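Please open the structure in your viewer and keep the selection panel at hand. The stops below are to be visited in order.

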Amino acid sequence: MPYLDLPGASLAYDDDGTGPAVLLLHAGIADRRMWREQAGPLSVMHRVIRLDLRGYGESTLTRTPFAHHDDVIALLDALQIQRAVLVGCSFGGAVAIDTAIAHPDRVAGLALIGSALSGHAWSEEVDELWEALAAEVGTDDVDAMAEAEVRFWVVGPGRDIATMDPDLLDFAWRMDRRALAAEAALGQVDVHQLNPVATYRLAEVRPPTLVTAGAADVPDIRRLADRMAAEIPNAHRLPDIPDAAHLAPLEQPEAVNRIVLSFLGALRG
């Protein structure tokens with residue numbers, strides 16, 4: 001497994017296949033392993049890079065100030081990739097959008113799956129859903145917090161956990177537990193944001209953009225997908241992915257692969 005050494009960090013990534021470059025950016029409750037079902041199918045005709053964002057997964061960080069979107073470009077530079085399609089889920093989608101705004105000449109397209117958005121304020125509805133689930137969970141109880149986040153994000157507010165694949169839930173819990181440690185460490189670092197943040201700048205996103213979300217995801221994420229499709233100039237909103245919540249690439253990999261491969265094919269013309 002290769003690493004890219006940067007000031008204050010060592011970024012872990014996987015690099016498979018040849019052809020037009022596709023960079024996969026993981027959710028904030030996960031790491032690059034969440035793309036385990038996409039790497040093979042996408043790399044048949046593309047160069048597929050899966051990155052652990054700084055502090056997540058097997059990537060490291062110190063207290064050196066940085067910006068995630070600049071790390072993305074540093075990796076593309078190191079791999080001698082001039083332009084790449086960015087595929088982002090949740091927090092990874094927010095990083096992808098930030099990158100497209102900050103470095104528009106480096107992004108050939110955006111595929112946003114249940115994407116977050118830098119600067120977005122969560123609704124009172126979603127805050128109440130979270131409080132109902134996790135109000136009694138101590139922030140220092142990492143195991144319980146990871147379990148709550150898996151129920152909130154991976155199961156989703158409208159589904160019965162008993163109907164879910166226990167192996168998927170366990171895998172998501174293990175990734176989330178590690179991601180919580182990353183969030184705690186990142187809280188001690190000056191992480192640079194766009195100024196203004198992306199929530200006010202969607203009209204600046206120029207690459208062709210595909211937007212979708214899991215049908216069982218939290219309401220704000222699905223509403224964000226609608227907003228992105230409406231405000232990004234060259235965006236297309238696909239229907240929500242059935243039987244999936246926040247980690248659709250893991251839960252419905254065949255559907256996600258079809259969506260992304262179709263988008264990549266359209267970009268090739």
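Select Thr 60 first: Thr 60 is partly exposed, with a relative accessible area of 40%. Here, buried means under 20% relative accessible area, exposed means over 50%, and partly exposed lies in between (1.4 Å probe, protein chains only). The model is predicted: local features need pLDDT of at least 70 and side-chain atom pairs count only at pLDDT 80 or more, while totals for chains, interfaces and linings use all residues. Residues are numbered from 1 along each chain as its sequence is written, and side-chain values use heavy atoms, with hydrogens and water left out.

Thr 60 belongs to the loop between strand E4 (47-51) and helix H2 (68-78). Helices (H or I, at least four residues) and strands (E, at least two) are DSSP runs, numbered from the N terminus. Now display the contacts of Thr 60, meaning heavy atoms within 4.5 Å. Apart from neighbours within four places in sequence, they are Gly 8, Ala 9, Ser 10, Arg 54 and Gly 55. Next, select Ile 81, which is 21 residues from Thr 60 along the chain; their C-alpha atoms are separated by 23 Å.

Move on to H2. Which residues of H2 are buried? They are His 68, His 69, Asp 71, Val 72, Ile 73, Leu 75 and Leu 76. Their cover includes strands E1 (3-6), E2 (9-16), E3 (21-25), E4 and E5 (84-89), as well as helix H3 (91-102). After H2 comes Gln 80, with a positive phi near 55°.

Finally, select Glu 131 in helix H4 (residues 124-134). Glu 131 is partly exposed, at a relative accessible area of 45%.
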